[in-house]
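Hi,

Here is the structure I promised to pass on. Have a look at it first, then read my notes below.

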Amino acid sequence: ASYFSLIKWKKIFFHDHYGDIKNDKKIDIITKNIIRKSIYLGVSKELCKWAIKHCDVKKNYLLENIIIKENIVKKQIKKTRGNRLILVSNIHPRKNIEFAIEIMYELRKEEVYFLDIIGQITDRGYYNKLKKMIRSYGLKDFVNFNENCNNIQLILYNYDLALHTSKSEAGPLVLIEYLAQSLPFLTFSTGEVIQKLKEELQILIVDSFNIQEWIKKIQELLQ
């Protein structure tokens with residue numbers, strides 16, 4: 001008998017928030033069978049369409065990302081010279097963090113900028129590559145990593161602008177957190193959240209990775 005026929009599939013939910021769906025649509029046979037026999041919940045329309053096409057799911061629902069807005073008591077901070085930027089992301093090649101470092105290199109030719117990159121290191125080789133890049137660009141004192149922050153809403157008021165340079169996303173949840181705390185951001189056009197924002201907040205979205213376009217929009221938003 002099939003292994004899967006021995007399982008009672010009563011109310012099994014498969015909650016899918018896979019972020020690399022634009023680049024990787026492959027699936028192994030075991031996961032495909034699990035998804036097909038489950039009630040599928042995707043955080044984006046793109047994921048839901050993929051599940052229907054590739055896994056033949058029968059019960060398919062869109063369950064978009066949400067957050068609970070934190071009411072923050074802001075601590076008084078000593079404002080340092082320059083603009084403080086933040087990028088919240090796991091350290092992984094899909095997140096395209098090297099592009100943010102290239103932006104920093106160009107921005108600092110004219111003004112003082114600092115960038116904090118906050119997230120878990122999920123690819124040590126990529127992390128080491130980024131550290132080497134930072135040193136070679138002379139940004140060691142201006143770009144920092146922090147993998148010990150569990151609630152970014154608590155610290156967002158410290159920053160002037162957020163960046164989101166990921167090439168592929170399902171959500172992304174972090175943009176909703178920026179909105180919740182009224183932090184302006186600049187993001188590449190990917191993910192379900194972007195579809196909600198495009199009509200009213202196009203100024204926050206870039207459709208390419210043209211570095212001069214990003215720099216121009218960053219300067220506009222900071223003004």
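What follows is a quick tour of the chain, its helix contacts and its pockets.

First, the ground rules. This is a predicted model, so local features need pLDDT of at least 70 and side-chain atom pairs count only at pLDDT 80 or more, while totals for chains, interfaces and linings use all residues. Residues are numbered from 1 along each chain as its sequence is written, and side-chain values use heavy atoms, with hydrogens and water left out.

The whole chain

The C-alpha atoms fill a box of roughly 70 × 35 × 30 Å along the principal axes. There are seven helices and nine strands (DSSP runs numbered from the N terminus: H or I of at least four residues for helices, E of at least two for strands). Of the 223 residues, 44% count as buried (under 20% relative accessible area; exposed is over 50% and partly exposed is in between, with a 1.4 Å probe and protein chains only). Taking contacts (heavy atoms within 4.5 Å) between residues at least 6 apart in sequence, 65% join residues at least 24 apart.

Two helix pairs

Helix α1 (residues 29-36) and helix α2 (residues 45-55) have axes that come within 10 Å and cross at roughly 110 degrees. Axes here are lines fitted to C-alpha atoms, for helices over the stretch in contact, and angles run from 0 to 180 degrees between N-to-C directions. That makes α1 and α2 roughly perpendicular to each other (65 to 115 degrees; under 35 is roughly parallel, over 145 roughly antiparallel and the rest oblique). Lys32, Ile35 and Arg36 of α1 meet Trp50, His54 and Cys55 of α2. By class, that contact has three nonpolar, one polar and two charged residues (nonpolar: Ala, Val, Leu, Ile, Met, Phe, Trp, Tyr, Cys and Pro; charged: Asp, Glu, Lys and Arg; polar: the others, Gly among them). Trp50 of α2 is buried, with a relative accessible area of 8%.

Helix α3 (residues 97-107) and helix α4 (residues 124-136) pack at about 10 degrees with axes 10 Å apart, so they are roughly parallel to each other. The α3 side brings Ile97, Glu98, Ile101 and Glu102, and the α4 side Tyr126, Lys129, Leu130, Met133 and Ile134. This contact has six nonpolar, no polar and three charged residues.

α3 is mostly covered, with eight of its eleven residues buried, among them Phe99, Met104 and Leu107. The cover over those buried residues includes α4, α7 (211-222) and the strands β4 (83-88), β5 (113-118), β6 (143-146) and β7 (161-164).

Pockets

The largest pocket has a volume of about 730 Å³. On a 1 Å grid over the protein atoms alone, a pocket is an open set of points where a 1.4 Å probe fits, with protein on both sides within 12 Å along at least five of seven lines; lining residues have an atom within 4 Å of a point. Points are joined across faces, edges and corners, and a volume is the space filled by probe spheres set on them. Its lining has 30 residues, with Ser89, Asn90, Lys95, Leu173 and Val174 nearest the centre. They divide into nine nonpolar, 16 polar and five charged. Helix α5 (residues 173-180) gives the largest share, three residues.

The second largest pocket holds about 160 Å³. Of its 13 lining residues, Lys74, Leu156, Tyr157, Gln181 and Ser182 are closest to the centre.

Cheers
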